[in-house]
Amino acid sequence: MNILEIKDVHAGYEPEAEAVQGVSLEVGDNECVALIGANGAGKSSLFKTISGILDARSGEILFRGEKINGLKPHVIVNKGVIQVPEEGGTFSNLTIEENLLIACQRQKAKENREKNLETAYHFFPVLKEKRQLMAGSLSGGQRKMLSISKAIMGEPELLLLDDISMGLAPKVVEDLYSMLKELTKALAVPVLVVEQIADIALDFAERGYVMAQGHILLKGTSQELRATDEVKKLYIGG
Ligand SMILES: Nc1ncnc2c1ncn2[C@@H]1O[C@H](COP(=O)(O)OP(=O)(O)OP(=O)(O)O)[C@@H](O)[C@H]1O
Ligand SMILES: [Mg+2]
């Protein structure tokens, strides 16, 4: 069973321009899938379309077999489709714990607040140490941990990670992904991960899709994709 099925979806910002041009993609119930592609390929736009921030002009997005395109973003979040956005997502002038507590929007997340807080603090102990400090005092990497922890507080049934490595040092990114590997395994949550660093995404996921100019160019296992010229070009920023 696929938890997410995207069928021939078109979406865009301007009437005449389409950032997403007929994309089809699936994520299985217990799968971790990568979506890679050069800058401006349409990866974040596709994520925004899944989350209902950008309208799908045509096509279908199914979550657990139920159509979700056309629903409001908060309704989609309530179903458990939780995104760690490319930018933002945390409030500088709230403490770390306040940031976490306001992230329990779903009823289920509210009920399991203490348990989820414990999970977040278990995987990111630095957040527990600093829980009474303002989020604005955190480093870039810690801020990303907070953003991921906010997603945990929402009890994700599908986790969408958008370029979490952006602006972070390689060692920080490596640590973040190894923590995420453990975390997603422990929570048994399926993941769709967007990364500008193809290598990281293909390491993290079992299979993936390559997106270019609004289209899906290729799909395959991480190993198959690594061997293609298109992905080799991405490594050198081509
Ligand atoms: N808010 C917006 N308004 C108008 N056009 C936009 C907007 N956001 C993105 N675009 C355009 O949509 C296209 C796809 O951009 P998108 O941000 O989805 O790419 P991306 O694959 O996420 O790139 P990156 O790797 O740089 O994050 C680009 O041509 C971009 O200029
Ligand atoms: Mg993007």
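Guide: Let's start with a rule: a residue is near a molecule or strand if its C-beta atom, placed from the backbone, lies within 6 Å of it. This is a predicted model, where local features need pLDDT of at least 70 and side-chain atom pairs count only at pLDDT 80 or more, while totals for chains, interfaces and linings use all residues. Residues are numbered from 1 along each chain as its sequence is written, with chains lettered from A and ligands numbered from 1 in the order in which they are written.

Visitor: What makes Lys-43 one of the residues around ligand 1?

Guide: Its C-beta atom passes that 6 Å rule, so Lys-43 is listed, and so are others including Tyr-13, Gly-40 and Asp-163.

Visitor: How do you know which residues of that shell are nonpolar, polar or charged?

Guide: Ala, Val, Leu, Ile, Met, Phe, Trp, Tyr, Cys and Pro count as nonpolar, Asp, Glu, Lys and Arg as charged, and the others, Gly among them, as polar. That gives 3 nonpolar, 7 polar and 2 charged.

Visitor: Why are strands S4 and S5 called a pair?

Guide: Strands are DSSP runs of E, at least two residues, numbered from the N terminus. Pairing takes at least two bridges found by DSSP; S4 (residues 58-63) and S5 have 2 bridges, so they pair, running antiparallel. In one bridge, Leu-62 has Lys-67 of S5 as its partner.

Visitor: What makes S2 and S5 edge strands?

Guide: The open sheet goes S2-S1-S4-S5. S2 (20-28) and S5 (66-67) each have a single partner strand, so one side of each lacks a neighbour in the sheet.

How values were computed
Helix = DSSP H or I, 4+ residues; strand = E, 2+ residues; numbered from the N terminus.
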